[in-house]
Amino acid sequence: MTVPIEGYLLLSLGLLVLGLIGVMRRRNPLLLLLSVELMLNAGNVALIGFSREWNDPSGQVFALVVMVIAAAEVVIGLGLVVSIFR
């Protein structure tokens with residue numbers, strides 16, 4: 001059973017909206033980073049959806065690269081937040 005592209009895009013849109021609301025409403029730096037991660041994951045879901053729709057693995061590889069960059073961003077961001085609040 002395959003998921004239609006609309007399902008991927010609706011999930012991606014939902015994650016993006018939640019991330020945008022979190023970025024605009026939160027003042028806590030940790031929750032701000034979490035909201036940015038939600039927005040990056042929304043882009044990943046869209047990439048995976050299009051990759052599966054067109055049977056091209058390059059979208060999945062690019063999503064993996066985005067996840068690595070997001071993990072590095074979290075490590076650097078958390079280090080900065082901890083050093084600021086010390």
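View 1. L38 and G14 are separated by 24 residues in sequence, and their C-alpha atoms lie 9.7 Å apart in space.

**View 2. S12 in helix α1****.** S12 is part of helix α1, which covers residues 5-25. Because its relative accessibility is 10%, S12 counts as buried. Leaving aside residues up to four places away in sequence, S12 touches A42, G43, V45 and A46. Among these partners of S12, A42, V45 and A46 are listed with the buried residues of α2.

**View 3. Helix α2 and its cover****.** The end C-alpha atoms of α2 are 38 Å apart, which agrees with the 38 Å that its 26 residues should span at 1.5 Å a residue; the expected span is 1.5 Å times one less than the number of residues. The buried residues of α2 are L33, S35, E37, A42, N44, V45, A46, G49 and S51, and what covers them includes both α1 and α3.

**View 4. Helix α3 and its buried residues****.** Helix α3 takes in residues 58-85, 28 residues in total, and reaches 41 Å from its first C-alpha to its last, close to the 40 Å expected at 1.5 Å a residue. Its buried residues are G59, A63, V66, A70, G77 and V81, and their cover includes α2, which runs over residues 29-54.

**View 5. T2 in the segment before α1****.** T2 is found ahead of helix α1 and, with a relative accessibility of 65%, counts as exposed. T2 and E53 are 51 residues apart in sequence, while the distance between their C-alpha atoms is 9.6 Å.

**View 6. The chain as the setting of the close-ups.** The secondary structure comes to three helices and zero strands, in the order α-α-α from the N terminus on. The radius of gyration of the chain is 15 Å, whereas a compact globule of 86 residues would have one near 12 Å; the radius is taken over C-alpha atoms, and the globule rule is 2.2 Å times the number of residues to the power 0.38. Along the principal axes, the C-alpha atoms fill a box of roughly 50 × 25 × 15 Å. Of the 86 residues, 24% count as buried, and of the contacts between residues at least 6 apart in sequence, 56% join residues at least 24 apart.

**Notes on the model.** Residues are numbered from 1 along each chain as its sequence is written, and side-chain values use heavy atoms, with hydrogens and water left out. As the model is predicted, local features need pLDDT of at least 70 and side-chain atom pairs count only at pLDDT 80 or more, while totals for chains, interfaces and linings use all residues.

Conventions. Helix = DSSP H or I, 4+ residues; strand = E, 2+ residues; numbered from the N terminus. Buried < 20%, exposed > 50% of the residue type's maximum accessible area, 1.4 Å probe, protein only. Contact = heavy atoms within 4.5 Å.
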